[in-house]
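Subject: Structure for you to look at

Hello,

Here is the structure I said I would pass on. Please open it first and keep it beside you while you read my notes below.

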Amino acid sequence: MNLFNIIEEIEKVDPEFNDRISPRRDAIKNISSFGSKVALAAIPLALGDLFKKAYGQAASSSVISVLNFALTLELLEATFYNTGMQASGLVTDTAYIAQIQADENDHVKFLTSAITAAGGTPVTAASFAYVDFTAGAGSMNGPFSNVFTNYQTFLAVAETFEDTGVRAYKGQAGNLLGNQTYLTAALSIHAVEARHASAIRYLRTSKYGASVLPWITSSASAGVDTSGAASNDTGIALVNANYGGSTPENTTVQGGVDITTLPSLEGSTTSVAVASAAFDMPLTMAEVLAILVPAFAQTK
Amino acid sequence: MKTETELNNGNVNMARRSFLRYAGAGVAGIGLISAASSCHKDHNVTPSGTIDVGSGDPGILNYAYALEQLEAAFYTQVIATPYSGMASVEISFLTDIRDHEVAHREFFKAALGTGAIQALTPDFSSINFSSRASVLTAAKAFEDLGVTAYDGVGYLIQNPAYLVIAGSIVSVEARHAALIGNLITFGNFASSDQVDATTGLNASNKPSVVLAAANTYLKTKVSARSFS
């Protein structure tokens, strides 16, 4: 029996395995330096511990709640794209939107299995009393009543969802501080949400002439706009809050450094547009839930 | 099977050995090794001229500062000597990205203060700035690298405020990466070389991997010994 062969076998199935267990590598090194008989006897026990750590069975309830919050967002996003792709004649850029749809469904699967492996109970589609993308609080006839019949509304709502997803993940990073497995996974999804946000924005501007850039650019010349109006470029005033909050998107001070006072290629200062676009801002879990509940969804 | 540490030490030793081979004299070599192994101060300059980013959160911030210096220098050159036929919309996008990267660079410089590593000298000799394909290929490499770099060290950050700032920057890098991908090939915003087709997770990389790539574009080489 060779422990390192086992790890190589696992790596074939799970390429991330080495990264998952990296904090345990010292333990492996210690095992390999034992006398051979002692080491052989110790391996089954050590392996069990290894798997627990690697697949997070020791994950705390707060980590699981963060993962379930993330899964809730991914379920909403996946459902949004699944519904849009099924709506007859809605989506023109089929391959483009299908890529995003596939990523969101992959995120659902990944988070579901991660939560299960960690000993938690994942949120499912059945956990929702309703999901209403018209923002009608269950009436299915809210302000975005044409979200699945008008492609431009669909794309504007998609942009909002992606930007909000980026902000939501960022807001949870601190709750996963120092956690190699879960923080790294969350950051990896966060980056993909940002790719999607950029992609939807690029599609809207390059093909449909919307006044948006791949990044969130605030128009306000001064002051912190907690309402979000200054940073909401979707064309839908109803989603201002998605760009506002306690640390709104038009924030220009980072870690005590006022970005607008820093030199740029234009001179001794930096414009508000650049200073705000260069840094995406987080939303707290409470802020995200206030946006989503009850307008878009309600859990049972 | 070697541990990660052993592998990395092996690489360092290999690098040192080949450096010594070029340096020639054995006696001089011994002096260099002892000098190198006694250098444990933050972001010091080793005899071979490599800048180390240091340790702890300042080390992570300096690591980010090094990468932002590289990106800012690249886009500054892109806009200073635009490739032939750069469309006005591309000028606008690439100028915005340049300005974001400069803002990131200047932020880290200001935040680190006297703890900042020196200004790095880039080496863009492998990039043909008059070619759209060459420039966008390099841009994609820089943006993708930046995303994997931030995501790969997030868990090492100890101060939650720094973690949020790193998060604030990495999503903008990901927005850039997706745009550059789209400019190269429409729809190529989450390519399978960066986003796992099964999990939907973006790749992340250790500093040793990131810096090996970044150093090919730097005259001033950078290391992150305490994070390898």
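A polar contact is a pair of N or O atoms within 3.5 Å; within protein, one of the two must be able to donate a hydrogen and the other to accept it, and residues adjacent in sequence count only if both atoms are side-chain atoms. By that rule, chain B and chain A share 17 residue pairs in polar contact, both residues being at pLDDT 80 or more.

Some ground rules before the rest. This is a predicted model, in which local features need pLDDT of at least 70 and side-chain atom pairs count only at pLDDT 80 or more, while totals for chains, interfaces and linings use all residues. Residues are numbered from 1 along each chain as its sequence is written, chains are lettered from A and ligands numbered from 1 in the order in which they are written, and side-chain values use heavy atoms, with hydrogens and water left out.

The two chains

The contact between the chains takes 58 residues from chain B and 58 residues from chain A, where contact means heavy atoms within 4.5 Å. The size of an interface is often given as the accessible area lost when the parts come together. Here the buried area (the accessible area, with a 1.4 Å probe, that two parts lose on being put together, summed over both) is about 5,000 Å² between chain B and chain A, and carbon and sulfur atoms give 68% of it.

There are 4 salt bridges between chain B and chain A. A salt bridge is a side-chain nitrogen of Lys or Arg within 4 Å of a carboxyl oxygen of Asp or Glu. Arg175(B) makes one with Asp280(A), and the closest N and O atoms are 2.9 Å apart.

On the chain B side, the elements that give two or more residues to the contact with chain A are helix H1 (4-23), H4, helix H5 (132-153) and helix H6 (160-184). Helices (H or I, at least four residues) and strands (E, at least two) are DSSP runs, numbered from the N terminus. H6(B) gives the most to this side, with 18 residues. By class, the side of chain B that touches chain A has 29 nonpolar, 19 polar and 10 charged residues. Ala, Val, Leu, Ile, Met, Phe, Trp, Tyr, Cys and Pro count as nonpolar, Asp, Glu, Lys and Arg as charged, and the others, Gly among them, as polar.

Two residues at this contact

Asp280(A) lies in the loop between helix H9 (272-277) and H10 of chain A. Is Asp280(A) buried or exposed? Asp280(A) counts as buried because its relative accessibility is 0%; buried means under 20% relative accessible area, exposed over 50%, and partly exposed in between, with a 1.4 Å probe and protein chains only. Leaving aside neighbours within four places in sequence, Asp280(A) is in contact with residues of both chains, including Lys170(A), Glu249(A), Ser168(B) and Arg175(B).

Asp96(B) is in helix H4 (residues 88-112) of chain B. With a relative accessible area of 19%, Asp96(B) is buried. Not counting residues up to four places away in sequence, Asp96(B) touches Leu213(A) and Trp215(A).

Domains within chain A

Chain A is divided into domain 1 (1-57), domain 2 (59-215 + 286-298) and domain 3 (218-279); such bounds come from an automatic or database domain assignment. The C-alpha centres of domain 2 and domain 3 of chain A lie 23 Å apart. Their contact takes 16 residues from domain 2 and 15 residues from domain 3. Domain 2 and domain 3 of chain A bury about 1,300 Å² between them, with 52% of it on carbon and sulfur atoms. The count of salt bridges between these two domains is 2. In chain A there is also a salt bridge between Arg201(A) and Asp233(A), with the closest N and O atoms 2.8 Å apart.

Pro248(A) lies in the loop between helix H8 (180-208) and strand S2 (253-254) of chain A. Pro248(A) is buried, at a relative accessible area of 0%. Asp225(A) is 23 residues from Pro248(A) in sequence, and the two are 6.4 Å apart in space, C-alpha to C-alpha.

Backbone details

A cis peptide bond, with omega about 5°, joins Val293(A) and Pro294(A). Ala135(A) is not a glycine, yet has a positive phi of about 60°. Ala135(A) is buried, with a relative accessible area of 14%.

Regards
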